[in-house]
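Have the model open while you read.

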Amino acid sequence: MVPKVLAYATNSATGPFEKTVIERREPGPTEVFFEVKYAGICHSDIHTARGEWGPVSYPLVPGHELAGIVTQVGSEVTKWKVGDKVGVGCFVDSCGECEFCKGGQEQFCTSSEKPTVWTYGSQGRDGKVTDGGYSQGITVEENYCCRIPDEIPFEAAAPLMCAGITLYSPLTRWGAGPGKKVAIVGMGGLGHMGVQIAAALGADTSVISQTMSKKDDGLKFGAKHYYALSELDELKKQRGTFDLIVTTVSAEMDIDLLISLLKTGGALVDVGLPEHPSTIRLGALCGGNKILAGSNIGGIAETQEMLDFCAEHGLAPQIEMITGEEITEAYDKVVASKVRYRYVIDTSSFGSVDEA
Ligand code: NAP
Ligand code: ZN
């Protein structure tokens, strides 16, 4: 039987996270139930919970970086058995038949009847609003789980399901590799994975941070160079030199400055999703045939490829483990760039649902 599980929810944009009990469904024939052991806190959870991206249906149980262990499988499940270590990211279902699902980009499913179901705050196939990973268990379609390789420390694996794939996808798509000069802007949860992945791909990797305070860590993650917005004159000496810049910045920033750092034909790829619109001077793109692009997480097969890549290259997020009671405070610390470099919630800290 699939139990009711403990979770942490917020009831308002300003509210604290509080322990609650939620119901999960019995796995259908092609679904698995897994115990969520660890859940990462992504800045997207914060934008969402605080209503920065638009109206929210509360109570909200966020969490789209899940790592857990399968404890029940449906009658037709072929990929998983009880005891397997699995990860789930930003979505838990899609139509599987449209151009984008078939092309391995399920996050862009175009079906109006069976659209992408996001891990939380989305309408599930059962008609209920989905609850995310800040919980002790979840029921998911088997094809929307990924295998967590043994080489990756299990407690650090969850953030790969969003932070990892969100950087791996544009870095590989835009050719980060030997002979390419790549900069990662913002060294938070996404950014610190981007530095590791770009370096492992063989690119000459730089960090562009707000200050020099994380320089030692950046070099440890594999960056060769480290620049800061606080030392603008030094940074400006790099004008016209980067093949690829990926910005993970969660707030509005000077996009024209980043474009000026690109060399002719270079690409600036944004993955940051700040609350307010940004402005750019389009002329900065034309002079130099420069490219401005975006990137949104990655598909299931690509996410598995990223996990295997991290296992092969010994990459993992640097995490700080927290309890459920610490989520509220953790949100403020993420916004203040104080996290090193991803908070992961240990769901065993929630206690037992029988005692709740
Ligand atoms: P995070 O851990 O808070 O990292 C964001 C980093 O941005 C900070 O560490 C900081 O880097 C930099 N930053 C913050 N405010 C800044 C400012 N005012 N000016 C310049 N730099 C600033 O957040 P995250 O979890 O990595 O997420 C980053 C963004 O990506 C969020 O907007 C999130 O919603 C979005 N996101 C997008 C996707 C996608 O698929 N496109 C997926 C996941 C998340 P330094 O400390 O180094 O300065
Ligand atoms: Zn995320």
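Let's start with the buried residues of α4 (buried means under 20% relative accessible area, with a 1.4 Å probe and protein chains only): Ala163, Gly164, Ile165, Thr166, Leu167, Tyr168, Ser169, Pro170 and Leu171. That's 9 of the 11 residues, so α4 is largely enclosed by the rest of the structure. Helices here are DSSP runs of H or I, at least four residues, and strands are runs of E, at least two, numbered from the N terminus.

This is a predicted model, where local features need pLDDT of at least 70, side-chain atom pairs count only at pLDDT 80 or more, and totals for chains, interfaces and linings use all residues. Residues are numbered from 1 along each chain, chains are lettered from A and ligands numbered from 1 in the order written, and side-chain values use heavy atoms, leaving out hydrogens and water.

What do the buried residues of α4 pack against? Here are the partners, with contact meaning heavy atoms within 4.5 Å:

| Partner | Residues |
|---|---|
| β10 | 181–185 |
| β13 | 242–247 |
| β14 | 262–270 |
| α10 | 300–313 |
| β17 | 342–346 |

Helix α5 (residues 189–200) is a partner too. Its axis and that of α4 come within 8 Å and cross at roughly 45°.

Now the metal: Cys42 (SG), His64 (NE2) and Cys162 (SG) coordinate the zinc ion (ligand 2) at 2.0 to 2.2 Å; donors are N, O and S atoms within 2.8 Å of the metal (3.2 Å for Na, K and Ca). Both Cys42 and Cys162 are buried.

Note on methods. Axes fitted to C-alpha atoms, helices over the stretch in contact; angles between N-to-C directions. Buried < 20%, exposed > 50% of the residue type's maximum accessible area, 1.4 Å probe, protein only.
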